[in-house]
Amino acid sequence: MRPYEELIVDIPNYPKPGVVFKDLTPAFADADSFAAMVDDLAAHFADRGITKVVGAEARGFIVGAAVALRLGAGFVPCRKPGKLPRTVLRESYALEYGTDVLEIHADALISDDVVLIVDDLVATGGTTTAMVRLVRASGARLAGLGFVMELAFLNPRAAIAAETDAEVFSLVAVE
């Protein structure tokens with residue numbers, strides 16, 4: 001077991017009854033565990049020539065920025081609408097009850113960029129596939145997708161595979 005796995009806390013019935021929320025914040029708060037998860041993600045993609053890491057707000061910023069630093073890459077924040085001050089690329093994605101939107105600055109990625117998408121957790125794949133489409137719209141090349149935790153029982157890899165054949169790597173899978 002990696003040092004961060006034991007610090008991931010199950011919160012039953014949050015944010016609604018029947019859901020078991022996976023709280024990664026205790027693993028972020030422990031310096032050794034946080035360093036281990038960042039090192040493990042960065043090491044897996046170290047030989048891919050990554051120039052930019054894209055992470056979605058908010059927890060994707062925490063992990064993504066640290067992985068970018070380890071890889072010697074830039075970090076591109078993927079935000080909710082209205083949070084970025086310049087021209088943006090935007091992508092809608094489906095939620096359980098409706099849709100949402102993610103945006104990146106239109107000039108944040110260029111065709112020469114090799115991109116790694118990083119997030120703390122992938123569940124259904126909606127946020128992730130929106131980020132994949134944003135990377136594609138920018139003309140950059142997607143080298144892979146890295147997650148601290150994957151809720152494999154929700155089958156996010158099927159949704160991701162419908163958008164890209166880039167490698168999906170998760171440190172922890174919940175079956």
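F34 is partly exposed, with a relative accessible area of 22%; here buried means under 20% relative accessible area, exposed means over 50%, and partly exposed is in between, with a 1.4 Å probe and protein chains only. This is a predicted model, in which local features need pLDDT of at least 70, side-chain atom pairs count only at pLDDT 80 or more, and totals for chains, interfaces and linings use all residues. Residues are numbered from 1 along each chain as its sequence is written, and side-chain values use heavy atoms, with hydrogens and water left out. Below is a short tour, starting with the aromatic rings.

**Aromatic pairs**

- The count of aromatic pairs comes to four, where rings of Phe, Tyr and Trp (its six-membered ring) pair if their centres lie within 6.5 Å, and planes under 30 degrees apart count as stacked, over 60 as edge-to-face and the rest as tilted.
- One of them joins F28 and F34: the ring centres are 5.8 Å apart and the planes stand at 75°, so this pair is edge-to-face.
- F28 counts as buried because its relative accessibility is 13%.
- F61 and F75 form another edge-to-face pair, with centres 5.9 Å apart and planes at 85°.
- Since F61 lies in helix 3 and F75 in strand 4, this pair ties together parts that are 14 residues apart in sequence; helices (H or I, at least four residues) and strands (E, at least two) are DSSP runs, numbered from the N terminus.
- F61 is partly exposed at 22% relative accessibility, and F75 is partly exposed at 27%.

**Helix 2 and its surroundings**

- Helix 2 covers residues 31-44, which makes 14 residues, and reaches 20 Å from its first C-alpha to its last, close to the 20 Å expected at 1.5 Å a residue; the expected span is 1.5 Å times one less than the number of residues.
- Its buried residues are S33, A36, M37, V38, L41 and A42.
- These buried residues pack against helix 1 (25-29), helix 3 (59-71), strand 7 (114-122), strand 8 (141-150) and strand 9 (167-173), where contact means heavy atoms within 4.5 Å.

**Helix 3 and its surroundings**

- Helix 3 has 13 residues and reaches 19 Å from first C-alpha to last, close to the 18 Å expected at 1.5 Å a residue.
- G60, V63, G64, A66, V67, A68 and L71 are the buried residues of helix 3.
- The cover over those buried residues includes helix 1, helix 2, strand 3, strand 4 (74-78), strand 7 and strand 8.
- Just after helix 3, G72 takes a positive phi of about 70°.

**Two residues and their contacts**

- R48 sits in the loop between helix 2 and strand 3 (52-56) and, at 27% relative accessibility, counts as partly exposed.
- Leaving aside residues up to four places away in sequence, R48 touches V114, R141, A143 and E167.
- The C-alpha atoms of R48 and A143 are separated by 6.8 Å, although the two residues are 95 residues apart along the chain.
- H105 belongs to strand 6 (residues 98-105) and is buried, with 12% relative accessibility.
- Beyond residues up to four places away in sequence, H105 touches L84, P85, R86, T87 and V88.

**Backbone details to look at**

- Most residues other than glycine have a negative phi, and most peptide bonds are trans.
- The peptide bond from Y14 to P15 is cis, with omega near 5°, and P15 is in the loop between strand 1 and strand 2 (20-23).
- N13, in the loop between strand 1 and strand 2, has a positive phi of about 60° although it is not a glycine.
- Another cis peptide bond joins E57 and A58, with omega about 0°; A58 lies in the loop between strand 3 and helix 3.
- N155 is not a glycine, yet has a positive phi of about 55°.
- N155 lies in the loop between strand 8 and helix 5 (156-161) and is partly exposed, with a relative accessible area of 46%.
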